[in-house]
Amino acid sequence: MFKLFGKKTPTEVFVAPVTGQLIPIEKVDDEVFSQKIMGEGFAVVPTENQIYSPVAGTVKSIFPTKHALGITTKNGLEVLVHMGLDTVELEGKPFSELVKEGDQVEAGQPLMQMDLDTVQQMGKPTTIVIVITDSDKLQDIPTITEKEITHGDQVGQFSLHK
């Protein structure tokens, strides 16, 4: 048979990594993220300590300071889950991992615990930032609007180039 519509555009569905206030990446109070220097994405100001996977994929790296981890999706997108701002300075103290490098994860699966009270007591913002570090692979980026969101709720579909 002929393929009338060609190859389907690959997409990745992203879900909220935590319950809280969803914000566009441009509103993150850190220029590296808000200026999209690391890539496209979104953020959530959390109201709970459990951090969940925003996508299905493989955990490729967990930073030694536990403040961030990388996930590679089935379509090859590189996704950074960054917990808090300037939290690398906390040397891992408020974080505990629930997964390890090489684990396969589903969207909405628990990844990490982040003690919000400790992060705040140390004077750091608790914002969870989701960054697609290879954003050049993206064809379509959903519009992110500020709203209350629950972990696991769909944030949007990101379309990749064929």
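Residues are numbered from 1 along each chain as its sequence is written, and side-chain values use heavy atoms, with hydrogens and water left out. Because the model is predicted, local features need pLDDT of at least 70 and side-chain atom pairs count only at pLDDT 80 or more, whereas totals for chains, interfaces and linings use all residues.

The largest nonpolar core holds 34 residues, of which Phe14 and Val81 touch the most other members. A nonpolar core is here a set of buried Ala, Val, Leu, Ile, Met, Phe, Trp, Tyr and Cys residues joined through side-chain atoms within 4.5 Å; buried denotes under 20% relative accessible area, exposed over 50%, and partly exposed the range in between (1.4 Å probe, protein chains only). Two or more residues are given to this core by each of β3, β5 (57-62), β6 (68-72), β7, β10 (110-114), α2, β11 and β14 (154-160). These elements are DSSP runs numbered from the N terminus, with helices (H or I) of at least four residues and strands (E) of at least two. Contacts of Val81 (heavy atoms within 4.5 Å) include Ile51, Pro54, His67, Leu111 and Ile130, when residues up to four places away in sequence are not counted.

Two aromatic pairs were found in a search of the whole structure. Rings of Phe, Tyr and Trp (its six-membered ring) pair if their centres lie within 6.5 Å; planes under 30 degrees apart count as stacked, over 60 as edge-to-face and the rest as tilted. Phe14 and Phe42 form an edge-to-face pair, with 6.1 Å from centre to centre and 85 degrees between the planes. Phe14 lies in strand β1 (residues 11-15) and Phe42 in strand β3, so the pair ties together parts that are 28 residues apart in sequence. Phe14 is buried at 0% relative accessibility, and Phe42 is buried at 0% as well. Together with Phe158, these two residues make up one aromatic cluster.

Eight salt bridges are present in the structure, a salt bridge being a side-chain nitrogen of Lys or Arg within 4 Å of a carboxyl oxygen of Asp or Glu. In the bridge between Lys124 and Glu89, the closest N and O atoms are 2.5 Å apart. This pair links distant parts of the chain, 35 residues apart: Lys124 is in the loop between α2 (116-121) and β11 (128-132), and Glu89 in the loop between β7 (78-83) and β8 (95-97). Lys124 is buried, at 17% relative accessible area. Lys100, by contrast, is exposed at 54% and meets Asp103 in a salt bridge of 3.2 Å, N to O. A further bridge joins Lys137 to Asp134, with 3.1 Å between the closest N and O atoms. Salt bridges that share partners also join Glu26, Lys36 and Glu40 into one network.

The loop between α2 and β11 also holds Thr126, which is buried at 6% relative accessible area. Its contacts include Val45, Pro46, Gly84 and Met114, residues up to four places away in sequence not being counted.
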